[in-house]
Amino acid sequence: MSKIKDNLLIIIAGLAVGIASVVLVAFGNPGNMGFCIACFIRDIAGGVKLHTAPVVQYVRPEVIGIVLGSMIMALIGGEFKAKGGSAPVSRFVLGFCVMVGALMFLGCPLRMVIRLGGGDGNAIIGLVGFVAGVGVGTVFLNKGFTFKRSYNVPTIEGFALPAINIGLLVLLLAFPALLAFSTEAPGSKHAPIAMALIIGLVIGALAQKSRLCMAGGIRDAFMLKDFHLLWGFVAIFAAVLVGNLITGKFTFSFADQPVAYNALADGNFIWAFLGMFLVGVASILLGGCPLRQLVLAGAGSSDSALAVLGMTVGAAFCHNFGLASSGKGTTLNGKIAVIVCLVVTFIIGAANCRKVEE
């Protein structure tokens, strides 16, 4: 019975994410981007002026809601635990690498599923790369990869990232003149603040309770033949697909998809694959995809908070130095960065492998 309840919970969480994505797009978010953790963190980095790319600057309430929703649910369930101290610098660096890969592909694992549900054929290439990356990540796990244990830290450490997000919400509502706002392109498209925040709170709470994680689902299928978390993946896809069919927004194609480049043109498929491959490997070493890192940070993990900060700095770096892809395609700087980050990720993985006792 417990297994059935767990499966039902992960399916409900996945359906909620999928439905929320369709609703947010209907009320203003960019197409096929109702929920994208990487894109939203990138926009927030621009909103607080860490980068100056004018088309991707907006403090996204969805991210604030996810972190605070996770915190509230963890407090209610007695699962809020302030822990940290497990390879903080490596986690920051891996968070940075995740963002480099995500902005090469133009989306995190969650948006990859949402793009699939909208008919974006390029996401198929991203999915193959992501699965391959998770597969390589599980090889590291099987060879004894570990960052060792986290330790109890002062409670204030656990509330650090939620406090930062509360600060962002105050700025957005009370002092918007201090922030940057895009006036065109993706950054200018957004659902009403209250709607985005409430949806984020609900998704954060459900994701905390269900342990929803794109990378974790594939990892568990590879290592344990446990397909529990994959039900969330399937539910998100199904909800987005049905929602897009109902609203007439489903279009299967590789070209002219919203906020995406044609992976079949100019050899871009290689970089779409490698971008998500990098996200897959780094997410496994971190212990979860970008969504999972936000949720864990909200529940008190300063280790995950550092990964989120790494993603934020990575997003700013990508746009300040021309690494991020656009609807027009990839960039040379981005290709170099992906290769460098793959090397760094593999070094971190290999350096933290310890002999598995028989």
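Reader: Is C108 buried or exposed here?

Author: This is a predicted model, and in it C108 counts as buried, with a relative accessibility of 2%.

Reader: And how many disulfides does the structure hold?

Author: The number of disulfides is 0. For C108, the closest cysteine sulfur is the one in C36, and at 3.9 Å it is too far away for a bond. C213 is in no disulfide either, since the nearest cysteine sulfur, which belongs to C289, lies 3.7 Å away, while a disulfide calls for two cysteine sulfur atoms within 2.5 Å. C213 is also buried, at a relative accessible area of 4%.

Reader: OK, on to the core: which residues touch the most other members of the largest nonpolar core?

Author: Those are F35, L110 and F130, in a core that has 101 residues. The helix that gives the most to this core is α12, residues 268–286, with 12 residues. As general background, nonpolar side chains in soluble globular proteins tend to be buried together.

Reader: What is F130 in contact with, leaving aside its neighbours within four places in sequence?

Author: With those neighbours set aside, F130 is in contact with P109 and M112, with M214, A215 and I218, and also with M276, F277, V279 and G280.

Reader: What about α13, why is it described as largely enclosed?

Author: Helix α13 spans residues 290–298, and because 8 of its 9 residues are buried, the rest of the structure largely encloses it. The buried ones in α13 are P290, L291, R292, Q293, L294, V295, A297 and G298. Just after α13 comes G300, which takes a positive phi of about 115°.

Reader: Which residues other than glycine have a positive phi, for instance?

Author: K49 is one of them, with a phi near 70°, and its place is in the loop between α2 (37–47) and α3. V259 is another, with a phi near 50°; V259 is found in the loop between α11 (230–247) and α12, where it counts as partly exposed at 23% relative accessibility. For context, most residues other than glycine have a negative phi.

Reader: Now E62, where does it lie, and is it buried or exposed?

Author: E62 lies in helix α3, which runs over residues 61–76, and at 1% relative accessibility E62 counts as buried. Apart from neighbours within four places in sequence, E62 is in contact with L24, N29, F35, F40, A196 and G200. Taking L24 from that list, the C-alpha atoms of E62 and L24 are 9.8 Å apart, although 38 residues separate the two along the chain.

Reader: Last topic, how many salt bridges does a search of the whole structure find?

Author: The search finds 6 salt bridges. One is between the side chains of D226 and K3, at 3.5 Å from N to O. D226 lies in the loop between α10 (214–224) and α11, whereas K3 is in helix α1 (residues 2–26), so this pair ties together parts that are 223 residues apart in sequence. D226 is partly exposed, with a relative accessible area of 25%, and K3 is partly exposed too, with 46%.

Reader: And D120, what does it form a salt bridge with?

Author: D120 forms a salt bridge with R115, and their closest N and O atoms are 2.7 Å apart. D120 counts as buried at 1% relative accessibility, and R115 counts as buried at 1% as well. Elsewhere, salt bridges with shared partners join R42, D43 and R60 into one network.

Reader: How far apart are the closest N and O atoms of R42 and D43?

Author: In the salt bridge between R42 and D43, the closest N and O atoms are 3.0 Å apart. R42 counts as buried, at 3% relative accessibility, and D43 counts as buried at 0%.

Notes:
Residues are numbered from 1 along each chain as its sequence is written. This is a predicted model: local features need pLDDT of at least 70, side-chain atom pairs count only at pLDDT 80 or more; totals for chains, interfaces and linings use all residues. Side-chain values use heavy atoms; hydrogens and water are left out. A nonpolar core is a set of buried Ala, Val, Leu, Ile, Met, Phe, Trp, Tyr and Cys residues joined through side-chain atoms within 4.5 Å. Buried means under 20% relative accessible area, exposed over 50%, partly exposed in between (1.4 Å probe, protein chains only). Helices (H or I, at least four residues) and strands (E, at least two) are DSSP runs, numbered from the N terminus. Contact means heavy atoms within 4.5 Å. A salt bridge is a side-chain nitrogen of Lys or Arg within 4 Å of a carboxyl oxygen of Asp or Glu.
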